[in-house]
Amino acid sequence: MVLHMFVVGLEVDPNIFLEIHLPEAKVAYTGVLTTFVMAALITPFLTVPIGTNAPFNLCLSIIISGTASPLLTRLITDLKIGKSDIGRFVVSAGVHTDLVSTLLICIGFVIFDPVRAFVYRTVGSIITMVSLLVIEMVLAAKLTPLIMNWVNRENPEGKPMKCSHLVLAVAYVVMVCSFPPIVSNYDKVLSAFLAGVFMPREGRIAKMMISKVNYFFSAIFYPLFFFWVGTEAQLNSFEAGKLGTWAKLIFVFLIATAGKVLGSWVSGVMLGFHWQDSIAAGLLLNIKGHFHVYLAIMSSKMMLSSTSTSIGMVFATFLTIIYAPMVVANIIQRARKRSPTQRMALQWLVQSHELRVLLCMHGPQNISSVANFVGISRGPADPGLLVYLTDMVELTDRIATTLAHTQGVDTVTVTDPTVVEMREEITNGINAYLNEDGDGITVKRMLALSTLNSMHQDVCILAEDLMVTLIILPFHKQQEIGGRLNMGHSGFRHVNRKVLRHAPCSVGILVDRGLGATLISRSTISLHAAVIFIGGKDDREALAYAGRVARHPGVKLTVIRFLLEATGDSMSSIITIAKSNTTEHLEEMKVDDECFADFYDRHVAGGQVAYMEKYLVNSGQTFSTLRSLEGQYGLFIVGRGGRVNSILTVGMNDWEECPELGPIGDILSASDFSTTASVLVIQQHSLKGELDGLQDEFSIM
């Protein structure tokens, strides 16, 4: 618990008291005040302590008023509302609440002695404790930076940390935390918290200590802590048959909950918040954690309360956590995005607006293909292309221990050397390309750091927040030295599928088989590309993207349109025509013709783009025609699907190896197709309100 509270202190910025004018601070302090007043008035009637003990009741009231900010932050992040306004608001308010309540407990320990049933300390003892605490905080705030900076200078980044310096730094921190407890019997847990609050958080040694301690928590401390709670709880002493036992449990929970909700509601009324948002914030700020469980158990061990009362307070602590997912679900339900009214698709992009693309990468192996993709997607220099270059990093236990939280959940820094080095390599590679040929291109770096199960949510949230028109995902398979694609990463395959299902804009999957082999020049033809147009919304989107590629002087673009041929009076021809002449299909064909005519007038009529027509009868001929194109083009641009009753692709879905690529993309990216032909598969943004995964980024306050 000493280490836990030390890290809690490290994650709290003491300058937070300069932000008391912010709405988060007002809600936090109002909630603390109302909960404390309610608890101070009601707890004396619950006979929680053994005997009459007013100081104990005051201390209990402060504890009930607190919030476990580390646990709250973790819950908000895991439940995926961390990037919403209410998520950031609650996390910030939780830090204020946690700091204030813990500082009040620290002050109370100076005045009262819990070891001797909360008797008042003597004036001399109080002065001694205060003096030693002041010395501790001065050492932590002033002397510690000098020592840590010296250790950092002696051990620069990139070199192994000297063992003697690491031992010296750790020993010094232990000395600072142990100084008041040894000399004046001040509580070691609270002393560690105060030392952590005033310790520096920057520098290699500080980050290393936080990383190691966090790993220790996740791997060792938390399992042992709950094992200790289980051994100390003594459930056989709970006295479940007595009504008073349940009354204490329920009333402690209700006091804490009602106090927080009332305080949040009152401050919300003054600040103009919606009452539902205020209640939700109050319920989330009521979350208690490890420190509160520890205090409940210790009250029994110190004979301040009965065992049954102590167990009841532990259960009440757990109750504050159980309802959190339901509160978040209600928030999401109220703020669920309505079906978008704006088409975030290339086909509907206004020409005077820049194209915004969220371009995702798995690692440095994608640098060359990304550089070429950015180059051919540039379009006209005015308004240009804005690329949000996003690293898709899987959040593993090792990386999680290196995360540095500064303020809230929206400012997480990854300090893992492997990830930092990878991101720097990518940045340097892209910057090198932009320095040579970056006219009209703006690149901004982003990070999607999450487990593979929820990474699609981070990608979709980024896309919606940044208002991008197109998401580009790398195919989960990588090309090997021989040219064939390997088995790939199944986790990223599921990410791609989920993004296709939930994206708030159009999505493209890039199968790289040599797109980055040579740098595409603007002076000579370096790439032969083809657009396969059969029909449907996804093919129209692919055609819209091809319009930008056509503007690149180093790309020779060919549009190949597959048309249905049904001639003769045979029964099969009559059936084919009947199937294709449904009302829905005729309307879709009309839209296709209008879209293609516009593209033809813009690019084909002027000679910039070549045009071919292929008249086919069935999907078998479609397959053979696609196979005949092998070796002729270095890039195919195709739609994923979205075709209405297309005779030319019917039945192809039955043998798809990768359904996320669609029937045409799956054939062109097959292992027995050309090893030098890259494929870009595009899916147009749907307006059918199927974006179930995007409720995590919203603004409701």
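Trainee: In which helix is Lys-248 found?

Mentor: This is a predicted model, in which local features need pLDDT of at least 70, side-chain atom pairs count only at pLDDT 80 or more, and totals for chains, interfaces and linings use all residues. Residues are numbered from 1 along each chain as its sequence is written, and side-chain values use heavy atoms, with hydrogens and water left out. Helices (H or I, at least four residues) and strands (E, at least two) are DSSP runs numbered from the N terminus. The run that covers residues 243-271 contains Lys-248, and this is helix α10.

Trainee: Is Lys-248 buried or exposed?

Mentor: Buried means under 20% relative accessible area, exposed over 50%, and partly exposed in between (1.4 Å probe, protein chains only). Because its relative accessibility is 18%, Lys-248 counts as buried.

Trainee: Which residue in β8 is the bridge partner of Leu-358?

Mentor: Strands of a sheet pair through backbone hydrogen bonds, either parallel or antiparallel. Strand β3 (residues 355-361) and strand β8 (residues 470-474) pair in the parallel sense over 3 bridges. The partner of Leu-358 in β8 is Ile-471.

Trainee: How many residues apart along the chain are Lys-248 and Thr-43?

Mentor: The C-alpha atoms of Lys-248 and Thr-43 are separated by 8.8 Å. Along the chain, the separation of Lys-248 and Thr-43 is 205 residues.

Note on methods. Pairing = 2+ DSSP bridges.
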